[in-house]
Amino acid sequence: MKQYLGIIASIIYAFVIRLLAEYNMIEINSFAYLIIAPAVLGFIPFFFRNDKFYSSIWKAIFFPLISVLFFLFIAILTQIEDLICLIIIGWPYILISVILSVGLYSVLKKKDKGMSKNMMSIVFLPILLGSIEKELPKHSTQHLISNKIIINTNAEMVYNNLLEVPDMTESINIELSNYFGVPRPIYSTYDKELNIRKGYFENGIILYESVEYSKINSELVFKIDVNKSELENSPTLQHVLTTGGINFKNIKYKLISLDENRTELKLSTEFEINSNLNFYGKYWSELIINDFERNILYSLKKNLEKDVSNIK
């Protein structure tokens with residue numbers, strides 16, 4: 001039984017570190033949380049020395065793996081995270097903790113001794129480094145994601161359906177990110193007096209977007225108002241948008257009339273990443289935003305061309 005205390009301790013430790021991030025004591029998109037914390041998880045089982053633990057290298061592989069999976073399950077169950085954290089957080093936690101665990105297993109087995117109790121202070125390393133890292137200036141990078149599609153209808157009809165996007169429930173695709181909990185857009189409404197568009201998503205998510213610029217039948221530019229948006233049902237969106245890890249500059253629609261019955265619609269998202277691990281945030285933000293843009297464009301095309309077909 002003693003050997004399994006390492007798994008239990010690892011699960012509790014991972015959850016405590018995540019709670020510290022929830023209360024902004026350390027940051028999720030940071031070296032301390034995504035690199036150091038999973039490394040410590042690879043250490044923890046070795047503090048509970050048991051001869052059975054050293055009987056097979058498979059224990060060194062599966063103990064951290066099981067710990068991380070149980071931690072993720074509890075995080076989702078308690079709604080601290082949603083499904084996409086299985087990948088965004090899960091793979092570095094699994095990879096780093098397993099590699100370190102196997103390395104320690106190889107070293108300690110040769111020496112025929114367990115981890116020194118004096119090394120237990122290492123569990124505080126992510127908290128210490130995370131607190132320091134949190135105060136350091138963030139590295140900011142600018143990014144632009146664009147997608148386009150040709151819609152077989154005129155520019156006026158396309159433009160009129162951008163401010164108030166019709167219900168796309170039947171035409172929306174399920175992209176890769178949607179399988180992991182990123183909510184799909186459903187429809188939007190426009191308040192002319194306030195010049196605000198509300199974008200409604202699955203799970204009760206509502207994005208408030210001010211219209212920054214408009215040119216009839218040619219261009220529309222929106223800016224997300226994070227403070228007014230309702231993000232509570234999506235832990236990932238709430239964390240990313242409210243902490244400033246990603247700052248959306250604008251969302252732009254550009255229309256080019258090809259002829260009286262064909263319009264090229266281009267959707268661009270300009271955003272800024274503020275982090276000490278920008279490469280990691282860049283990869284996932286680009287993947288999710290690309291999915292989102294393609295989904296919106298395809299759904300608009302399907303809806304509008306269906307409407308044209310019905311008119312005919």
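Mentor: A pocket here is an open set of points on a 1 Å grid over the protein atoms alone, where a 1.4 Å probe fits, with protein on both sides within 12 Å along at least five of seven lines; lining residues have an atom within 4 Å of a point. This is a predicted model, where local features need pLDDT of at least 70 and side-chain atom pairs 80 or more, while totals for chains, interfaces and linings use all residues. Residues are numbered from 1 along each chain, and side-chain values use heavy atoms, without hydrogens or water.

Among the residues lining the second largest pocket are Tyr13, Phe47, Phe48, Met120 and Phe124. The lining holds twelve nonpolar residues, with no polar and no charged ones (Ala, Val, Leu, Ile, Met, Phe, Trp, Tyr, Cys and Pro count as nonpolar).

Now for the strand. Eleven of the 14 residues of strand 7 (residues 262-275) are buried, so strand 7 is largely enclosed by the rest of the structure (buried means under 20% relative accessible area with a 1.4 Å probe, protein chains only). Strand 1 (residues 139-151) runs antiparallel to strand 7, joined by 13 bridges, with Ile145 partnering Thr269. Strand 6 (residues 246-259) also pairs antiparallel with strand 7, over twelve bridges (pairing needs at least two DSSP bridges), and there Lys254 stands opposite Lys266. Two residues separate strand 6 from strand 7 in their hairpin.

Definitions and conventions. Buried means under 20% relative accessible area, exposed over 50%, partly exposed in between (1.4 Å probe, protein chains only). Helices (H or I, at least four residues) and strands (E, at least two) are DSSP runs, numbered from the N terminus.
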